[in-house]
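Student: I would like to learn how to read a protein model step by step. Could you take me through it, giving the general idea of each feature before the case in hand?

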Amino acid sequence: MMTKRTINVPAADLPYQERPEDFRSTYQWRIFRIMSEFVEGFQFLADLNNKKTVSIFGSSRLGEGTKWYEEARALGRLLAEHGYGVVTGGGPGIMEAANRGASEGGGESIGFNIQLPREERSNPYVSRSIAFHYFFTRKVMLSYSAQAYIYFPGGFGTMDEVWELTTLIETKKISRDIPVILVGKEFWGPFLQWMEQDLLGKYGVIKAEDLKIFAIVDTPEEVLEIVKRTPHIKYF
């Protein structure tokens, strides 16, 4: 005699109409949470509309005393001294360093925090901040709040942000006047080489002009020179 097996399918894997009512209700409320994050985020940005700001990205794991923490701190200070506000994800590591430098330079030090169960937390050098539950709403705000996108070495999160914002520029959803600056030739050089040799040369899945989206530098002073050549782009 065969025994009939019952397979419990997770509610999230069921077609929407077959999900339990309490699950569907939670799903619907999630939409309102997403909407509220966008509304609050754009209201926050409206207060920055007339300010020159740059968004700085990088690893949360490169702490004080590491080369790139100190370089990001120096850049934050340099940008602040030249009238630029610094926007980061508000967490530790590179984000903390850039916010710390901006604070030391007397400039705007802004954090767009993400709520995570561990690892990321708001750093103490943020003077203005807003918190997000969803990564994608946070990334939209980071993309709107920039005269330039500046990337220090980082892991999955940093790479995700590089690819997403580059895609938006390549598809002209974001102005090509906004530079994508990669700081650290040793770290980013192989990344660009791979794109040139494989994505472009071997497979032909990108265009040669796409590589012009990136600028790769080694020092805060080089970053500043690129940023200074970028026009002030208002969000609204």
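This is a predicted model: local features need pLDDT of at least 70, side-chain atom pairs count only at pLDDT 80 or more; totals for chains, interfaces and linings use all residues.

Student: What percentage of the residues of the chain count as buried?

Tutor: Buried means under 20% relative accessible area, exposed means over 50%, and partly exposed is in between, with a 1.4 Å probe and protein chains only. Of the 236 residues of this chain, 44% count as buried.

Student: Which residues of helix 3 are buried?

Tutor: They are Ile 94, Met 95, Glu 96, Ala 97, Ala 98, Asn 99, Arg 100, Gly 101 and Ala 102. Because nine of the eleven residues of helix 3 (residues 94-104) are buried, the helix is largely enclosed by the rest of the structure. The cover over these buried residues includes strand 1 (53-57), helix 2 (67-81), strand 2 (85-88), strand 3 and helix 4. After helix 3 comes Gly 106, whose phi is positive, near 75°.

Student: What does Ile 56 touch, leaving aside residues up to four places away in sequence?

Tutor: A contact means heavy atoms within 4.5 Å. By that rule, and not counting residues up to four places away in sequence, Ile 56 touches several residues, among them Leu 75, Leu 79, Ile 94, Ala 98 and Ile 150. Ile 56 is found in strand 1 and counts as buried, at 1% relative accessibility. Although Ile 56 and Ile 94 are 38 residues apart along the chain, their C-alpha atoms are separated by 8.2 Å. For the chain as a whole, among contacts between residues at least 6 apart in sequence, 71% join residues at least 24 apart.

Student: Which residues touch the most other members of the largest nonpolar core?

Tutor: In soluble globular proteins, nonpolar side chains tend to be buried together. A nonpolar core is a set of buried Ala, Val, Leu, Ile, Met, Phe, Trp, Tyr and Cys residues joined through side-chain atoms within 4.5 Å. Here the largest such core has 29 residues, of which Phe 112, Tyr 149, Tyr 151, Val 180, Leu 182, Phe 191 and Phe 214 touch the most other members. Elements that each supply at least two residues of this core include helix 1 (21-46), strand 3 (109-114), strand 5 (149-151) and helix 6 (185-202). The largest share, five residues, comes from helix 6. Apart from this core lies another, of 25 residues, among them Ala 72, Ala 148, Ile 150 and Val 183.

Student: How many cavities of 30 Å³ or more does a search of the whole structure find?

Tutor: On a 1 Å grid over the protein atoms alone, a cavity is a set of points where a 1.4 Å probe fits but cannot get out, and lining residues have an atom within 4 Å of a point. Grid points are joined across faces, edges and corners, and a volume is the space filled by probe spheres set on the points. The search finds one cavity of 30 Å³ or more, and the largest cavity has a volume of about 40 Å³. Its lining consists of Phe 57, Lys 139, Leu 142, Glu 161, Glu 164 and Leu 165. Helix 5 gives the most to this lining, with three residues.

Student: Where does Lys 172 lie, and what is its phi?

Tutor: Most residues other than glycine have a negative phi. Lys 172, although not a glycine, has a positive phi of about 65°. Lys 172 lies in the loop between helix 5 and strand 6, and with a relative accessible area of 60% Lys 172 is exposed.

Methods
Residues are numbered from 1 along each chain as its sequence is written. Side-chain values use heavy atoms; hydrogens and water are left out. On a 1 Å grid over the protein atoms alone, a cavity is a set of points where a 1.4 Å probe fits but cannot get out, and a pocket is an open set with protein on both sides within 12 Å along at least five of seven lines; lining residues have an atom within 4 Å of a point. Helices (H or I, at least four residues) and strands (E, at least two) are DSSP runs, numbered from the N terminus.
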